[in-house]
Amino acid sequence: MLLSLCIVSASTGASTDYWSPWVTMTSTDSAIINWRGEENGSGSIDYAKTSYFDAHHSYETTIETKEAATYQHVRLGGLDPNTSYTYRVTPSGSDGPFANRSFRTMPESGPFTFIVFSDPQKGSEYEEKQRFKYVADAIEKEPEILFILIGGDYNGHDSDGLWSQFFQVADGMLAKDAIFPTIGNHEYHNSSGGDNPPTKADHFHWSFDIPLNYSFDCSGIQFIVLNTPDPNNANGDDPHTSLALAESQEPWLRERLDDDTLLGSFTIHHHPIWDYYNATSNPDLEPRESLYHAYNISANFAGHTHNYQRYSIGGIPYFIVGNAGGRCADLTGDSAPAGYIFGMNKTLGYLKVAVDPAKNTATAEEWIVATVKEDDSKEKPNVFETPKMIDRITFPLRKQSKE
Ligand SMILES: [Fe+2]
């Protein structure tokens, strides 16, 4: 039986056992190429500058995997900054390579544009291909995107089937743009049912192989990715925020923000600090809220609530970008916090942020690709021919520009 399974797997490179590559942790001189292949498999990566590849239709360099693993995470080093690379992964046990894909390394300075979205997960009544697909396809068509921040909840629970769906639906987008993932509460959800304890968020860790709190730089701007779901504070399989978790992150976060050389700083975490349904901020996240204002971050991004919301808190923009596919959450009632500026429900969309460090500005635009009639339904969304911008704000990266 085992033997026959192996043969099937080896002869079906296009099966869902194999997940086409995705790129994480790009820097000015490196990138990590990830894919899922056969169990304890290996593989090779051919790559070249895209300009070289387009001229010669061949690659400059080949590297082999070093470890036998189902999920591979291979670092390409020695790259040039602000340069597009084309690569091709050939996984072991398959009929041939995955199709060519590309990514761009970080610039050392100058303007750049990134995208933020969150909560692409399925609903009860529909799959990711019925909602998130429209968001992913629109992002794929966006030119000049340097990277994508994803706010978590990649799918409904921690299972092979649902994570395969995420990577299939996101495939075109992942073929072009590097991603920086954040963990959400659904990464811990148990496919055996919500009364069971949280999982270890295996598919998140297997897929991305990154710390739950991390930071990276781009053109002198720092991006800080923070963990909010605490499995020690779970309701069934659903981990919530906790004060203990936020306090444990405080010294690390302070160290990141306490840097005079930064031209700006953005933070992202799954659970929001400010949300429409509470007049006050989430008290569990107070340690980081204090630091955001003490160091005047450029802006904060969150997901978890499945709609678009924007706040201005002490002059800092806070965005909820949880409208990438999860079942929608109505903005009704009158308990919104004082800093609430704008929000919209029953849309599918993403936030596009253009950053210009030399001018000390960032411009964030919320683009929607479709509307839906009901929060959770199989009905085909009303997909626009081209995305529509529903919100736009320009804000300073630093409150006082650095001399
Ligand atoms: Fe969530």
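**Strand pairing, a packed helix and a buried valine**

Ile 45 has Ile 63 in strand 4 as its bridge partner. Strand 3 (residues 43-49) and strand 4 run antiparallel and are joined by four bridges; strands count as paired if DSSP finds at least two bridges between them. Helices (H or I, at least four residues) and strands (E, at least two) are DSSP runs, numbered from the N terminus. An open sheet of four strands, in the order 4-3-6-7, shows antiparallel pairing. Its edges are strand 4 (61-64) and strand 7 (101-104), each pairing on one side only.

All this comes from a predicted model, where local features need pLDDT of at least 70 and side-chain atom pairs count only at pLDDT 80 or more, while totals for chains, interfaces and linings use all residues. Residues are numbered from 1 along each chain as its sequence is written, and side-chain values use heavy atoms, with hydrogens and water left out. The chain averages a pLDDT (the predictor's confidence in each residue, from 0 to 100) of 94, and 95% of the residues score at least 70. Over residues 1-15, though, pLDDT stays under 50.

Now for the interior. Val 116 sits in strand 8 (residues 112-117) and is buried, at a relative accessible area of 0%; buried means under 20% relative accessible area (1.4 Å probe, protein chains only). Leaving aside residues up to four places away in sequence, Val 116 touches Leu 149, Ile 268, Phe 301, Val 321, Tyr 350, Leu 351 and Val 353, a contact being heavy atoms within 4.5 Å. In helix 4 (residues 160-169), the buried residues include Trp 163 and Phe 167.

How values were computed
Buried means under 20% relative accessible area, exposed over 50%, partly exposed in between (1.4 Å probe, protein chains only).
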